[in-house]
Structures are given as C-alpha cells and as structure tokens.
Amino acid sequence: MRIASIFADNLGSQLFNGIFSWQFLQFIVAFLSFFGFVLTSAVILILAERKVMGWMQDRVGPIHTGPWGLLQTVADVGKLLMKEDIHASQTDKTLFIVAPSVFLAPVIGAFAVLPLSPYVGLPGTALATGIVYYVALSSIDVVGVVMAGWSSNNKYSLIGGLRSAAQMISYELPLVLALVGVVMLTSILSNSGLGTISVRDMVTYQTANLYPGKGIGFFDFIFQGDTPWAWFFLVQPLMFVIYYTCGLAETNRAPFDLPEAESELVAGYLTEYSGMRWALFYLGEYGNMTIVSSIAAYLFLGGFAGPGVGFLTGLGNPGWGLLGNLLAVGYFIFKVYLLCFVFIWVRSTLPRLRADQLMQFAWLILIPITLANILITGLIYLLVSALGLGDFTNLVFLIVIGIVNWAMFFAFIRVVKRATSATTRRAQAPAIRALRKAPPAAQLPERAGAAGSGQ
C-alpha cells in the first residue's frame with residue numbers, strides 16, 4: 001500500500017507539473033489557434049472569393065445578410081447544417097458516408113507541421129520530415145474523391161472521380177519535384193551537404209547574417225530575421241510558379257476544375273452529395289487552398305518572418321516576445337491570404353482547360369522542366385565550387401542560379417503560350433477544315449420594310 005501511495009503521489013505531482021507547465025500552455029494556445037484557423041479560414045475565404053469575384057467582374061457580390069454582406073457565409077453555414085442529408089437509394093452507403101471524412105482528414109492533419117510563429121506551433125512542427133509528411137497527406141485526398149465518385153453509383157460522379165484521380169496523381173509528381181530544388185538549396189547553404197525538409201527550418205535558411213546597418217537599432221528591427229533578398233522565391237521563381245500551379249490542380253480549382261466541370265458533369269463527384277457532407281468537401285477544398293498557400297509562403301516567401309519578429313523574439317523579454325509572436329502570426333496570415341487571393345484571381349480570369357491540355361501540361365511541360373531544374377542546380381553548384389571561391393562560393397552560386405532560373409521562368413511563359421496556341425489550333429482544325437469545304441451560305445433577303453425605307 002505504501003509503495004502504491006508513493007507511486008500515486010509521484011504520478012499526481014508529474015501530472016500537475018505537466019499540466020501547469022509552459023510547454024503544456026504553449027500546446028493549448030497552438031491547438032486552439034490552429035483549430036480556430038482551420039474552421040474560420042474556409043468561411044473567410046468563401047466570403048473573400050465572392051467579394052473579390054464581384055469586384056473583378058463588376059458585380060455587387062453578397063450585400064443582404066449582415067452589414068455589407070459580411071454574414072452571408074455564416075448564414076450559409078447555418079443553412080448547410082440544417083439541410084436534409086439525402087442518400088440515393090443505390091449508393092454504396094458505407095463508402096458514400098465515409099468519403100467526405102477521408103477527403104477532409106488529411107487536410108486537417110497537414111496543419112500539424114505548419115507553425116504560426118516562432119513559438120506558436122503544435123508538437124508536429126518540430127518534425128524533421130515535415131515536407132515528406134505534407135506530401136504524403138496531400139496524396140491521400142484523391143482516395144476520398146475516388147470513393148465519392150465510385151460509391152455514388154452515378155455516371156457523372158464516376159467520371160468526375162476518375163478525372164480527379166488522373167489529375168491529382170499527375171500533378172503530384174511535378175509538385176514534389178518543384179520542392180526538390182528548394183531542398184537542394186538548403187543542402188548547399190548548410191555547408192555540410194545536409195539540408196532540411198523541415199518546414200520550420202526553411203525559415204532559418206531564408207535569413208542572412210549580413211544586412212545594411214547591422215548593429216543600429218532601426219536596421220536590426222527591420223532586417224534581423226527578415227531578409228527578403230534571401231527568400232528562395234528570388235532564387236527559384238520558376239519552381240515557385242510550378243509548385244503553385246500544381247497546387248491549383250491538386251485543389252481542383254479553376255482552370256483545373258475538370259473533376260467538377262458544371263457544364264459537363266453537373267458537379268462531378270459531388271453530384272449526389274448534399275447538406276453537411278457536401279460542405280465537408282467544400283471545407284476540404286478551401287483548406288487545401290490554405291495549406292498550398294502556407295507551404296508556398298514557408299518555402300519561398302520566408303514564412304512568418306517580417307520586420308520586428310527576429311528582433312523582438314530575441315530580446316528574451318516575455319512582453320516583447322509576445323508582441324513578436326503576434327507580428328509573426330500577422331505576417332504569416334497576410335502572406336497566406338495574399339496567395340489565396342491569387343487563387344481567386346486565377347478563377348476569375350482563366351477558362352477551364354480541356355482534358356488533353358491538362359494532361360499534356362503536366363507530363364510534357366511541368367515534369368521535364370522540374371527535372372531539368374534539378375540537374376541545372378546541381379551542375380551550377382559543381383561548376384561554381386570548382387572555381388575555388390572560398391567563402392564567396394555560396395553567394396556566387398545563389399546569384400548565378402537566380403539569373404538562370406529567372407531566364408528559365410520567362411522561357412517557361414513563352415513555351416506555355418506557344419503550347420496553348422498549338423493545342424488550340426490542333427483541336428479546332430477539323431471544324432475549320434469542315435467550314436472551308438462547306439458551300440457559302442446563301443445571303444438572307446432584305447426585309448421589305450428596310451427596302452421600302454431606302455426609297
């Protein structure tokens with residue numbers, strides 16, 4: 001009994017110290033922050049999409065529910081919660097019910113490796129294989145889409161699910177290859193040949209120790225921990241664009257929305273869904289938008305870095321540290337929603353691709369370019385290293401690879417333009433030949449009224 005009592009006292013003391021420790025408080029704050037961010041981000045993005053598309057298309061947008069229509073999305077959420085959940089009679093009921101959860105679960109799980117600030121992050125943010133974890137979870141979404149299309153027992157849904165499987169698997173390859181270039185940069189900058197695939201460590205590699213006015217308070221506040229000239233976007237702009245393009249395809253957003261294709265497939269794999277189950281797919285789509293934008297912000301735009309973050313968090317003062325973390329959260333959310341704005345911009349601007357254009361774009365353009373970027377990055381580093389520049393090797397390498405990648409970026413735009421024109425002409429060729437062979441149409445006779453008025 002005495003041993004049991006001592007064991008219970010020790011266990012209770014450890015639980016008490018663990019619950020009221022700083023680590024546990026940090027976990028609670030991070031968990032609530034991420035949970036609130038995941039739930040509210042979709043609602044904010046839906047409202048933003050309606051407002052931005054209304055502005056771009058010279059429409060009013062939602063104005064009725066709430067001041068300036070700000071509560072329209074909240075009202076939609078209430079409507080979806082109260083709508084009847086209708087099941088078609090011939091569906092595979094088990095798969096039909098489980099499919100939305102299979103689609104949404106990886107979206108929520110991917111947030112585990114995304115820190116909001118230097119100290120606000122779940123335990124998974126320290127995961128050394130963060131990018132591999134993200135890529136693995138992003139590839140699971142297609143399972144939920146195929147389950148939804150197959151279990152609905154609907155030809156439109158089945159075609160939408162098969163389209164999504166082909167599209168998401170195809171664009172997963174260039175997406176991963178685009179990230180390899182960034183990982184190679186971290187291996188070179190580490191001076192040890194060992195880079196990182198941790199999302200958190202990517203921010204550290206996008207900072208520079210040298211900046212103008214180092215040691216002066218103002219310049220330390222602006223540039224310490226925030227050096228935009230060291231962001232990987234400037235060194236690998238083409239990989240940033242390719243990753244973002246693949247993110248558009250992975251989230252089934254326009255112009256890659258063939259799995260839904262309202263004009264062809266009613267709503268694709270979503271045709272038989274209604275109510276809250278349909279809303280789960282919708283929530284997953286906007287959650288994927290947020291994750292793609294978050295990874296792009298961390299790997300190419302410095303993540304939560306911004307003026308004052310590194311300086312305030314490095315003072316060792318709790319008050320200034322709290323302010324620095326709040327600034328970091330603000331910078332991170334600003335970058336994420338800025339990239340989400342581009343999602344909306346693209347949807348408002350570009351028409352849907354044809355199925356053949358979509359697959360050719362992935363296999364004949366994106367994959368060869370990303371493979372070429374990996375080879376060129378390694379070759380340039382070997383050539384620069386052979387020059388024996390000492391401490392300036394990395395700087396010269398970054399400048400050279402940046403120039404080469406920007407040149408590849410403009411060449412990529414030209415190639416895409418020419419490829420789009422060529423495939424369009426090839427698709428229109430039968431109709432043009434038929435039109436040329438057809439006899440000229442007879443001219444319509446003039447109306448009597450028009451002839452009489454001419455007299």
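Analyst: Before the linings are sorted by class, one convention is needed: Ala, Val, Leu, Ile, Met, Phe, Trp, Tyr, Cys and Pro count as nonpolar, Asp, Glu, Lys and Arg as charged, and the others, Gly among them, as polar. Please keep in mind throughout that this is a predicted model.

User: Which elements give two or more residues to the lining of the largest cavity?

Analyst: The structure holds 2 cavities of 30 Å³ or more, and the largest cavity has a volume of about 120 Å³. Of the 14 residues that line the largest cavity, Tyr 134, Ser 138, Asp 141, Asn 288 and Ile 291 are the closest to its centre. By class, this lining is made up of 9 nonpolar, 3 polar and 2 charged residues. The elements that contribute two or more residues to the lining of the largest cavity are α4 (93–110), α5 (130–138), α7 and α13 (275–300).

User: Turning to the open spaces, which element gives the largest share of the lining of the largest pocket?

Analyst: The largest pocket contains about 1000 Å³ of space, and among its 31 lining residues Thr 245, Leu 350, Phe 361, Phe 412 and Val 416 lie nearest the centre. Two or more lining residues come from each of α11 (237–250), α15 (318–349), α16 and α17, while the lining as a whole has 22 nonpolar, 6 polar and 3 charged residues. The largest share of the lining of the largest pocket, 9 residues, belongs to α17.

User: Which element gives the largest share of the lining of the second largest pocket?

Analyst: About 730 Å³ of space lies in the second largest pocket, where 23 residues form the lining and Leu 189, Thr 207, Ala 208, Ala 230 and Leu 398 lie nearest the centre. The elements giving two or more residues to this lining are α8 (199–205), α10 (232–235) and α17, and the classes are 14 nonpolar, 8 polar and 1 charged. With 8 residues, the largest share of the lining of the second largest pocket comes from α17.

User: Is the ring pair of Phe 361 and Phe 412 stacked, edge-to-face or tilted?

Analyst: A search of the whole structure finds 26 aromatic pairs. In the pair of Phe 361 and Phe 412, the ring centres are 6.4 Å apart and the planes stand at 40 degrees. Planes under 30 degrees apart count as stacked and those over 60 as edge-to-face, so this pair is tilted.

User: Which helices does that pair tie together, and are Phe 361 and Phe 412 buried or exposed?

Analyst: Residues under 20% relative accessible area count as buried, so Phe 361, at 13%, is buried, and so is Phe 412, at 7%. The two residues are 51 apart in sequence, and the pair therefore ties together parts in helix α16 (residues 355–386) and helix α17 (residues 393–437).

User: Of Phe 409 and Phe 410, which is exposed?

Analyst: Phe 409 and Phe 410 form an edge-to-face aromatic pair, with 5.3 Å from centre to centre and 70 degrees between the planes. Both belong to one aromatic cluster whose members also include Phe 233, Tyr 243 and Trp 406. Phe 409 has a relative accessible area of 15% and is buried, whereas the value of 54% makes the exposed residue Phe 410.

User: In which part of the chain is confidence lowest?

Analyst: The mean pLDDT of the chain is 82, and 88% of its residues reach 70 or more. Confidence is highest in α10, at 93, while over residues 450–455 the pLDDT is below 50, and this stretch has 1 contact in the model beyond near neighbours in sequence. At a mean of 48, confidence is lowest in helix α18 (residues 448–454).

How values were computed:
Residues numbered from 1 in each chain as written. Predicted model: local features only at pLDDT ≥ 70, side-chain atom pairs only at ≥ 80, totals over all residues. Heavy atoms only, no water. Phe/Tyr/Trp six-rings, centres within 6.5 Å; stacked < 30°, edge-to-face > 60°. Helix = DSSP H or I, 4+ residues; strand = E, 2+ residues; numbered from the N terminus. Buried < 20%, exposed > 50% of the residue type's maximum accessible area, 1.4 Å probe, protein only. 1 Å grid on protein atoms, 1.4 Å probe; cavity = no way out; pocket = protein on both sides within 12 Å on 5 of 7 lines; lining within 4 Å. Points joined across faces, edges and corners; volume = space filled by probe spheres on them. pLDDT = per-residue confidence, 0-100. Contact = heavy atoms within 4.5 Å.
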